[in-house]
Amino acid sequence: MNHERKKEIHELLYLRRDEQGIKSDFGMTLLIGGCLDYPGAIAISSSYCSLSGTAFQEVAVPRSIYEIVFSRITKTAIASNFHQEEESFLFDEKAEKILSKATSVLIGNGIARTEKNATFLEKLISFYPGNLILDATALALLAEKDSLPLQKKNPNSCILLTPHLGEAKRLFRCDNLGRNPKDYVPLAQEYAKRYDVTLLLKSYSSIVVDKEKAECLEEEPACALGKAGSGDALAGFLAGLLSYGTKTFSLFDLTCFASEVFHQAAKESEKDFPGALSDVESILPYLKNLLSYRR
């Protein structure tokens, strides 16, 4: 993304808000995820969502990890009360009512890999008309269904898939590609055209692909992004950004912007926390600084 376009998004979304704006102008983000084995993933997503500029954040987790998650996230987050069976979410009239309030939804971070959650995901894709991000276990569940649920997606939805290269291999059903993300672009474009979705191929040089174009972000590698939790953080930040940003900018441009500024924050964090000392939580204050500078 060129510097001027990146600056325009930054200024309009963060620095030039309408002084008479109210909370409902800036969207409601719903995050769905978590299980006993991975209670931290959705908490990381929530922490980074808080920096996105979204007005409201609702978090849906299994009851078994409620105290763990809500002790780690922003005090303004709302607990979303979907009907559940153990660590699986159920899609019913109550779920439809909850989803009708959300302007963006993220699902998959730390969610249990169960058949009931796969069913919930299928119904979510077919029902939800807004900005929907599929990450982590949601991508695994989708790959298990050979991506067929995307054929029945709501025609008014904008769906973003955020696979790292291993997850991309499973989605595209290919085993012969290595670590160069550019090698995945032809398959990603074919996938994007087939299902009318956008993809963020996460790697040392991430690439955003939709049915018409692909943009390599040409990022310098950052060690902090090669660790567990970095994908959860970026997905949460993106989900919040999409909850209100698509009123002004395209999903494609917002994905490029979020990925670039997140990567830049990771690089900044490595100056103080090099190599093995860096982790995903150390990126948070650097991202906050990048988003608030130069008025």
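Colleague: In strand β7 (residues 131–134), do N131, I133, L132 and L134 count as buried or exposed?
Modeller: From strand β7, N131 and I133 point one way, and L132 and L134 the other way. This is a predicted model, in which local features need pLDDT of at least 70 and side-chain atom pairs count only at pLDDT 80 or more, while totals for chains, interfaces and linings use all residues. Residues are numbered from 1 along each chain as its sequence is written, and side-chain values use heavy atoms, with hydrogens and water left out. Buried means under 20% relative accessible area, exposed over 50% and partly exposed in between, with a 1.4 Å probe and protein chains only, and by that rule all of these β7 residues are buried.

Colleague: Which residue in β7 is the bridge partner of S104?
Modeller: Strands are DSSP runs of E of at least two residues and helices runs of H or I of at least four, both numbered from the N terminus, and two strands pair if DSSP finds at least two bridges between them. Strand β6 (residues 104–107) meets that rule with β7, in the parallel sense and over four bridges. Within β7, the partner of S104 is N131.

Colleague: Which residue of β8 stands opposite N131?
Modeller: β7 also pairs with strand β8 (residues 158–161), again in the parallel sense and over four bridges. The residue of β8 opposite N131 is C158.

Colleague: What is the handedness of the β-α-β unit that β7, helix α6 (residues 137–144) and β8 make?
Modeller: A crossover is right-handed if, with the strands pointing away from the viewer, the path from the first strand over the helix to the second runs clockwise. The unit of β6, helix α5 (residues 115–127) and β7 is right-handed. The unit of β7, α6 and β8 is likewise right-handed.

Colleague: Which are the edge strands, each pairing on one side only?
Modeller: The open sheet has nine strands in the order β3-β2-β1-β6-β7-β8-β9-β10-β11, with mixed pairing. Within that order, strand β1 (residues 28–32) and strand β2 (residues 56–60) are parallel over five bridges, and two bridges join the parallel strands β8 and β9. The strands that pair on one side only are β3 (78–79) and β11 (214–216).

Colleague: How many disulfides does the count come to?
Modeller: A disulfide here is a pair of cysteine sulfur atoms within 2.5 Å. The sulfur of C49 has its closest cysteine sulfur 18 Å away, in C158, which is too far for a bond. C158 is in no disulfide either, as the nearest cysteine sulfur, that of C256, is 15 Å away. The count of disulfides is zero.

Colleague: How many of the 22 residues of α10 are buried?
Modeller: From its first C-alpha to its last, α10 reaches 32 Å, close to the 32 Å expected at 1.5 Å a residue, where the expected span is 1.5 Å times one less than the number of residues. The helix is largely enclosed by the rest of the structure, because the buried residues of α10 number 17.

Colleague: With which residues is L287 in contact, leaving aside its neighbours within four places in sequence?
Modeller: Contact means heavy atoms within 4.5 Å, and L287 is among the residues with the most contacts inside the largest core. Beyond its sequence neighbours, L287 is in contact with Y48, L51, F237, V261, F262 and A265.

Colleague: What is the phi of D146, which is not a glycine?
Modeller: Most residues other than glycine have a negative phi. D146, in the loop between α6 and β8, has a relative accessibility of 36% and therefore counts as partly exposed. Its phi is positive, at about 55°.

Key
A nonpolar core is a set of buried Ala, Val, Leu, Ile, Met, Phe, Trp, Tyr and Cys residues joined through side-chain atoms within 4.5 Å.
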